[in-house]
Each structure stands twice: as structure tokens, then as C-alpha cells.
Amino acid sequence: MKLSNDVRETVQRRAQGACEYCRLPQEASILPHQVDHIIGRQHRGSDDVANLCLCRIHCNLKKGPNFYPPRGHRNSTACGARR
């Protein structure tokens, strides 16, 4: 399923234009940040805004298909607090 522009804009606003994993601002990145699932679809993750994050491609590739919530996300345990 393709995410709507409204959903993408909501996630980008919540993230304040920064990667929700490493907090690098979009302006400091060569490649555009992307909206991605925190819990992947193959792990029964939903397309709900609460399960989506704005992230750099580098961070997304590092996460891979596994569960790795952004800092401070309500499902975050091992990755510290979002500032």
C-alpha cells in the first residue's frame, strides 16, 4: 500500500524535518529522508502514523527489516530517548 501525501506530511511535521533515529536534519543530508515503518509489514506492522517514522536512508538500511524504534518512541527500549 502506498502512503498518502497527508500521512507523509504528518510524519515529517512530527519529526520536525529530522531523522527520527539519529536526529540529522534533512537540510544536512544529501539524499532526502524517507518515511518508513518502525515495525515492518512482515512483522505485522501497520500503516498507522504511530508506526511510521522519518529517517535517513543510511539509518533505514542499518535498521533493515527488524524492529528498531526511533529514540523516544513509545515502543523504544534499547535505543535511548529522543531529544
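Asp48 counts as partly exposed because its relative accessibility is 46%, where buried means under 20% relative accessible area, exposed over 50% and partly exposed in between (1.4 Å probe, protein chains only). Welcome to this predicted model, in which local features need pLDDT of at least 70, side-chain atom pairs count only at pLDDT 80 or more, and totals for chains, interfaces and linings use all residues. Residues are numbered from 1 along each chain as its sequence is written, and side-chain values use heavy atoms, with hydrogens and water left out.

Asp48 sits in the loop between strand S1 (34-37) and strand S2 (52-55); strands are DSSP runs of E, at least two residues, numbered from the N terminus. The side chain of Asp48 reaches the backbone nitrogen of Ala50 at 3.0 Å, a polar contact being a pair of N or O atoms within 3.5 Å, one able to donate a hydrogen and the other to accept it; residues adjacent in sequence count only if both atoms are side-chain atoms.

Asn51 belongs to the loop between S1 and S2 too. Here are the two loop residues side by side.

| Residue | Relative accessibility | Class |
|---|---|---|
| Asp48 | 46% | partly exposed |
| Asn51 | 7% | buried |

Beyond its neighbours within four places in sequence, Asn51 is in contact (heavy atoms within 4.5 Å) with residues including Asp36, His37 and Gly45.

Now to the strands. S1 and S2 run antiparallel and are joined by four bridges; strands pair if DSSP finds at least two bridges between them. Asp36 has Cys53 as its bridge partner in S2. From S2, Leu52 and Leu54 point one way and Cys53 and Cys55 the other, and all are buried.
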